[in-house]
Amino acid sequence: MRSDVIVVGAGHAGCEAAAAAARLGARVVVCTHDVAATARLSCNPAIGGLGKGHLVRELDALGGLMARAADATTVQFRHLNTRKGLAVRSSRAQVDVDAYPAAMAGLLSQIPGIAWVRGEVVGLVEIAGRIDGVVLADGSQVRGDAVILTTGTFLGGVMHRGEERTLGGRVGDGAATPLAEALRSRGLRAMRLKTGTVPRVHRDSVAWERLPMQEASSPDGRLSFATVARGVAPLEVRSTYTNAVTHAIITENLHRSPMVTGAIEGVGPRYCPSVEDKVRRFADRERHLLFLEPEGHHTPSVYVGGLSTSLPAEVQDAVVHSIEGLERARILRHGYAVEYDAYDPRDLGPDLAHRGWPGLFLAGQINGTSGYEEAAVQGFVAGVSAAQRAPFTLSRTKAYLGVLIDDLRTAGVGGEPYRMLTSRAEHRLLLREDNADRRLMPIGRALGLIDDATWSAFEARNTARVQAESMLDQIVPATEEVVAAARALGTAPPTQAASAHAWLLRPEVDWAGLRTLCPTLPELSEDVAEGLTVDVKYAGYVARAERRLEQAARSEHVALPADAAWAAVPGLSTECRERIAAARPADVGSLSRIPGVTPAAVSAVLVWLAAGMGTQAAARDDAARSRPSTGAC
C-alpha cells in the first residue's frame, strides 16, 4: 500500500516528523536500520539548554513529543541564565538515556498510522522530476507522496579517534554511504561538518566524595505544559575541572588530533568546542569546568560533560586520569569525532521542502544544525507540511523555531554546525519560555495537535492569570504587619499605602511574596504565577519591544541599492561592512538577518537611507527593473 509520508531515520527529527504527520491523518512509514535505536541520545544525556529550552517549549506548545518524553525521564532539572533576565533564561533536563528512548517509543506506539520498515535506504525513487519513494539496500522500494530525510550524522559518516578512522555515524552503527553518494550524484550542494562526544567512565571508579555537587536549581521543573508523571528518581551530578597537567598532556599531543592533522575536513560547532580547541583557543585559562553526569539508573556510564575529544585512546586515558576525582576512572568508551555530509539549507523552502526536488524534505543535522532540539523542531515542521501538502511556517517574530529556519534558509550555516542561541532572536524579549503556550498553543490547537485535556488546562491557566491580574489594583496599607513582611522579603518597607501592582514591580517581590503582603490575592500555580509576574515586571520593556517589532515590520521590505557604497555608511563596523557587501542583501529584512549584523547596524543603514544617501543608486535600480526585457520569448 502506498504511504503519504516516508520518514528516513528515527532520531529526534524523525520521531517528531512521523508523529506530527500521522496525527494529522497521514499514512506514515518510518525507515530505519535499527528500530531499537529510536530517539537514542547519541551525544549528551540532556534535553534543552541555552536557547534550546525555548525550542523544546515551543515544540510542546505546538503539539510535539520531546518535552513529554523528557519530563517523564528527567533525573535533574536546571534553569540556566537565571541572572541574565527572564528573556534569555532557558531550561535543561538531564534525562535517563535508556528511559528517554523508551518513553518516546511509547508515545509513538500510541499514534495510529505509523508503520516501521527495518532496512537501509540507499536511494530515492524519482518519477517525472518528483520524488516518489525510497530504495532499500535489498532492492525493494517503499513508495509515497513525500520523503523526509532525517539522517543525522550518518551520511558519509566517518568516526575519528586519533589516527583511527572508522566508517559510521556513531559507535556501533555504520555509515549511510550509498545514500550519501546518491544525493551527491543528484547535485545536492554538500558540505562536510563535524561533531564529537566525550569519554564515558564507570560510575564505581569515580571519587565522588571529593567532588562538589551540582544542585538541581529547579527539582520540580518541567519542559512540557502538560502534566507528565516523572517516572525515574533523581541522580546526583558532580563537578570537577581540568588543570595544568591536563592542558600539558593535550598540548603535547595536539599533533595527533585529527582536527590538527587535517584528517577531519569538516568544521565543528563553535559553541560546543572540543577540549583540544579550548586549550588552544583559551591558552590563558588555567582550568575548564567539567560535569560528571550519570547517564541513567541502569547503566554504570557517566558522561564527562565538557571533555569532548578525538585524541587517541591512550592520550584520553592520561587526560582523564589527570583530573581530580577521575585518577582511577575506568573508561567505558573513549570520546570520538564524527565527520558527515550535510546539505546547504539555502536550497530549502520555509517548510524545509527542497526547491529542486518536489516531494523531498530535509530535517535535522542533514541541514547543518547541531543538537537534538534543533533537529526535533525541523522534523515537526517537515512532518506537518508533508501531511498537509501545504507549507507550515512560523515567522521569526513568532517563535525561535521561525528564527532557526529563517536563519538556515537566508544565511546558511556559515561552514559550521548551526546552534540555537537566544542572541539569534532580535525579538527575544517577546519570545520567552514562559509565554510559549500563549504564543503557539492556539496554532497547535488549530492544527489538531493539542488534545482536549491540554487545551482545557491552557484555558484554565489563562483564566486564572486574567482574574489575578484584575485584582492587582487592591491597595496594600502600610501597616506594621506589611512593614515586617516587606523587611522579610528584603525590600524597602513602605511609608504609605500602595497598590499590589506597584509592589509586584519591585525586583525582590514575586507572587508568593506579594501574597504575604496582600493575602486576599489568589494562590496560583507556579507557571501561572511566573507568567503574570513577568508580564507585570517587564510590561514597559515588552511595550518597547513591540514598538520595535512594528518598526521592523514596516522596514522589512525597504529596498537596498544593489551598488551601495557600504564603506560610506556612518556607524558601521568594518566587519559589518564586509559581511553586508559579501551578502548583497536586497532589502532591510535580508540585511537584518546577516550573521554579525547587529540591530544597531540596521538602524544606521535606515538612517543613511532616510538621509537620501542611497537615493541615486536606488533610482537606477528601479529604472533597470522597469525596463522591458530584451530576451527571447
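Over the face of which residue does Arg285 lie, and at what distance from the ring centre? The views below are taken from a predicted model, in which local features need pLDDT of at least 70, side-chain atom pairs count only at pLDDT 80 or more, and totals for chains, interfaces and linings use all residues. Residues are numbered from 1 along each chain as its sequence is written, and side-chain values use heavy atoms, with hydrogens and water left out.

**View 1. Arg285 over the ring of Phe282.** Arg285 lies over the face of Phe282, at 5.1 Å from the ring centre; a charge sits over a ring if NZ of Lys or CZ of Arg is within 6 Å of the ring centre and within 35 degrees of the ring normal.

**View 2. Arg506 over the ring of Trp503.** Here Arg506 lies over the face of Trp503, 4.1 Å from the ring centre.

**View 3. The aromatic pair of Phe380 and Phe392.** The whole structure holds four aromatic pairs, for which ring centres of Phe, Tyr or Trp (its six-membered ring) lie within 6.5 Å, with planes under 30 degrees apart counted as stacked, over 60 as edge-to-face and the rest as tilted. Phe380 and Phe392 form an edge-to-face pair, 6.0 Å centre to centre with 80° between the planes.

**View 4. The aromatic pair of Trp566 and Trp608.** Trp566 and Trp608 form a tilted pair, 5.8 Å centre to centre with 45° between the planes. Trp566 is buried, with a relative accessible area of 9%, and Trp608 is buried, with 6%.

Definitions and conventions. Buried < 20%, exposed > 50% of the residue type's maximum accessible area, 1.4 Å probe, protein only.
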